[in-house]
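Here is a walk through one protein model, written for reading alongside the structure. Keep the viewer open as you go.

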Amino acid sequence: MNEDFVIAARDIRKIYSNDGKEVRAVDGVSVNLKASRSLAIAGPSGAGKSTFLHILGGLDRPTSGHVVLDNADIYKLPDRERARIRNTKIGFVFQFYHLLPEFTALENVMMPLLMKHEIRNTKYEIRERAAGALKLVGLAKRLNHKPSELSGGESQRVAIARAVINSPELLLCDEPTGNLDSKTSESIYELLFGLEKTLGVALAIVTHDENLSRKTDDILRLKDGKIHPAS
């Protein structure tokens with residue numbers, strides 16, 4: 001793989017059977033993504049966008065094809081090693097925030113570091129890192145609020161802080177503003193693009209929002225699992 005690329009996907013296919021019929025959820029899709037670059041994965045519902053994103057993130061094994069991250073073909077690795085790369089090199093942001101309701105914003109952001117098998121930092125250092133991540137997303141004054149005390153936009157910011165706490169090389173977002181109003185969505189977009197530049201991450205966002213797609217550096221349009229050129 002060209003070392004300039006954070007991630008490279010080659011000829012990805014995901015095929016499964018539904019009531020005896022072959023469904024090609026992803027059909028021969030390739031993409032490269034560099035640091036500090038953004039990619040919109042766009043297309044109508046059922047186009048294969050989320051499936052492809054999950055394959056990029058090591059969450060869903062493709063039927064065929066290669067995903068190279070950290071100079072390794074991740075689906076040729078043992079499950080444990082792939083999980084290590086996923087947990088240290090990739091941050092995930094989903095439409096639903098998946099915050100733990102009984103914990104504060106700060107505690108939710110601390111969780112990825114606390115759950116590591118090898119903790120090299122003290123709990124104080126982890127708290128400081130989590131507080132810094134929340135400050136980075138504009139929530140320095142909401143550290144001790146629980147999810148029920150946060151707005152939708154604030155909850156998504158907590159989820160983004162949690163996604164970047166491990167300093168990932170790749171940030172994958174699946175319809176990150178799907179539950180938010182247009183004004184809040186715009187602020188989340190601005191935050192994600194800001195983090196792309198500030199942290200130097202490669203950013204891929206699944207979206208059907210054409211306004212967002214036009215703001216990314218590149219667009220991968222999918223239809224029926226295939227790359228579909230812009231009309």
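## Ground rules

This is a predicted model, so to speak of local features takes pLDDT of at least 70 and side-chain atom pairs count only at pLDDT 80 or more, while totals for chains, interfaces and linings use all residues. Residues are numbered from 1 along each chain as its sequence is written, and side-chain values use heavy atoms, with hydrogens and water left out.

## The four-stranded sheet

Let's start with an open sheet of four strands, ordered β2-β1-β4-β5 and paired antiparallel. At its edges sit β2 (21-34) and β5 (72-73), each of which pairs on one side only. Strands here are DSSP runs of E with at least two residues, helices are runs of H or I with at least four, and both are numbered from the N terminus. Two strands pair if DSSP finds at least two bridges between them.

Strand β1 (residues 5-18) is joined to β2 by 11 bridges, and the two run antiparallel. Across that pairing, Ile7 stands opposite Leu33 in β2. Helix α1 (residues 49-56) packs on this sheet and touches β1, β2 and β4 (64-69), with its direction at about 125° to that of β1. Contact means heavy atoms within 4.5 Å. Axes are lines fitted to C-alpha atoms, for helices over the stretch in contact, and angles run from 0 to 180 degrees between N-to-C directions.

## The six-stranded sheet

There is also an open sheet of six strands, in the order β6-β7-β8-β3-β9-β10, with mixed pairing. β6 (90-94) and β10 (226-227) stand at the edges with a single partner strand each, so one side of each has no neighbour in the sheet. Within the sheet, β3 (residues 38-42) and β8 (residues 202-207) run parallel, joined by five bridges. Ser38 stands opposite Leu203 in β8.

Helix α1 packs on this sheet as well, touching β3, β6, β7 (170-174), β8 and β9 (218-223), and its direction makes about 155° with that of β7. Helix α5 (residues 152-164) lies across β6 and β7, running at about 165° to β6.

## The cavity

How many cavities of 30 Å³ or more are there? The count comes to one. A cavity is a set of points, on a 1 Å grid over the protein atoms alone, where a 1.4 Å probe fits but cannot get out. Grid points are joined across faces, edges and corners, and the volume is the space filled by probe spheres set on the points.

The largest cavity holds about 30 Å³ of space. Its lining is Ile7, Val31, Leu33, Leu39, Leu56, Leu170 and Ala204, where a lining residue has an atom within 4 Å of a point. By class, that makes seven nonpolar, no polar and no charged residues; Ala, Val, Leu, Ile, Met, Phe, Trp, Tyr, Cys and Pro count as nonpolar, Asp, Glu, Lys and Arg as charged, and the others, Gly among them, as polar.

Val29 lies in strand β2 and counts as buried, at 0% relative accessibility. Buried means under 20% relative accessible area, exposed over 50%, and partly exposed in between (1.4 Å probe, protein chains only). Leaving aside residues up to four places away in sequence, Val29 touches several residues, including Ala9, Ile12, Phe52, Leu220 and Ile227.

Ser167, in the loop between α5 and β7, has a positive phi near 55° although not a glycine, and is exposed at 55% relative accessibility. Asp224 lies in the loop between β9 and β10. Its phi is also positive, near 55°, and Asp224 is exposed with a relative accessible area of 57%.

Notes: 1 Å grid on protein atoms, 1.4 Å probe; cavity = no way out; pocket = protein on both sides within 12 Å on 5 of 7 lines; lining within 4 Å.
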